[in-house]
Structures are given as C-alpha cells and as structure tokens.
Amino acid sequence: MSMETAVNKGVEKLTRKQQQMINSWNAARSRMIEHYRAFGFGPTRVANYQAGIQSAKYPGSNPTKWRENWIAKMSE
C-alpha cells in the first residue's frame with residue numbers, strides 16, 4: 001500500500017465518521033458541564049462555562065488539514 005492510498009483511506013474514514021463525532025460531542029455537553037462543576041469552580045465560572053458549552057458548535061475535523069498533518073508525521 002502506498003502512502004497516498006493510506007492517506008486516502010484515512011480521509012475517507014474521517015469523512016464518514018464526521019457526523020458521528022459531532023453527535024458524540026453534542027451528547028457529551030451535559031457531562032462536560034457536570035465534570036467542570038464537580039471540579040470545584042465557583043458559581044460564576046461554572047455559569048460562564050455552561051453558557052459557552054451550550055452555545056458552542058463542534059466544527060468537526062478538517063479532512064484537508066488532517067491529510068497534510070498525517071503525511072507530514074508519517075514522513076518523519
């Protein structure tokens with residue numbers, strides 16, 4: 001298998017799993033907030049964090065960037 005074939009398979013897999021990754025991140029929002037709260041931060045910090053997590057949008061991964069980084073790392 002060539003480097004090009006391997007990277008193409010990786011990009012295909014990443015692209016295929018993109019929606020699953022977004023769904024998993026969204027499903028984990030409540031756990032993120034609960035674990036942050038359990039760490040012991042005060043109510044203001046927890047409220048700010050909670051507002052940020054609830055309004056955040058997970059952008060997913062960038063297949064082009066992944067491809068470039070994978071090739072660079074495997075070429076070391």
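Colleague: Which residues do ring pairs link into a cluster?

Modeller: This is a predicted model, where local features need pLDDT of at least 70, side-chain atom pairs count only at pLDDT 80 or more, and totals for chains, interfaces and linings use all residues. Residues are numbered from 1 along each chain as its sequence is written, and side-chain values use heavy atoms, without hydrogens and water. Rings of Phe, Tyr and Trp (its six-membered ring) pair if their centres lie within 6.5 Å. Such pairs join into one cluster Tyr36, Phe39, Phe41 and Tyr49.

Colleague: Are the rings of Tyr36 and Tyr49 stacked or edge-to-face?

Modeller: Planes under 30 degrees apart count as stacked, over 60 as edge-to-face and the rest as tilted. The ring centres of Tyr36 and Tyr49 are 3.8 Å apart and their planes stand at 5°, so the pair is stacked.

Colleague: Where do Tyr36 and Tyr49 lie?

Modeller: Helices are DSSP runs (H or I, at least four residues), numbered from the N terminus. The pair links distant parts of the chain, 13 residues apart. Tyr36 is in helix α2 (residues 29–38) and Tyr49 in helix α3 (residues 43–55).

Colleague: Is Trp70 buried, exposed or partly exposed?

Modeller: Buried means under 20% relative accessible area, exposed over 50%, and partly exposed in between (1.4 Å probe, protein chains only). Trp70 has a relative accessible area of 23%, so Trp70 is partly exposed.

Colleague: In which helix do Trp66 and Trp70 lie?

Modeller: Their ring centres are 6.1 Å apart with planes at 20°, so Trp66 and Trp70 are stacked. The two are four residues apart, about one turn of the helix, and both lie in helix α4.
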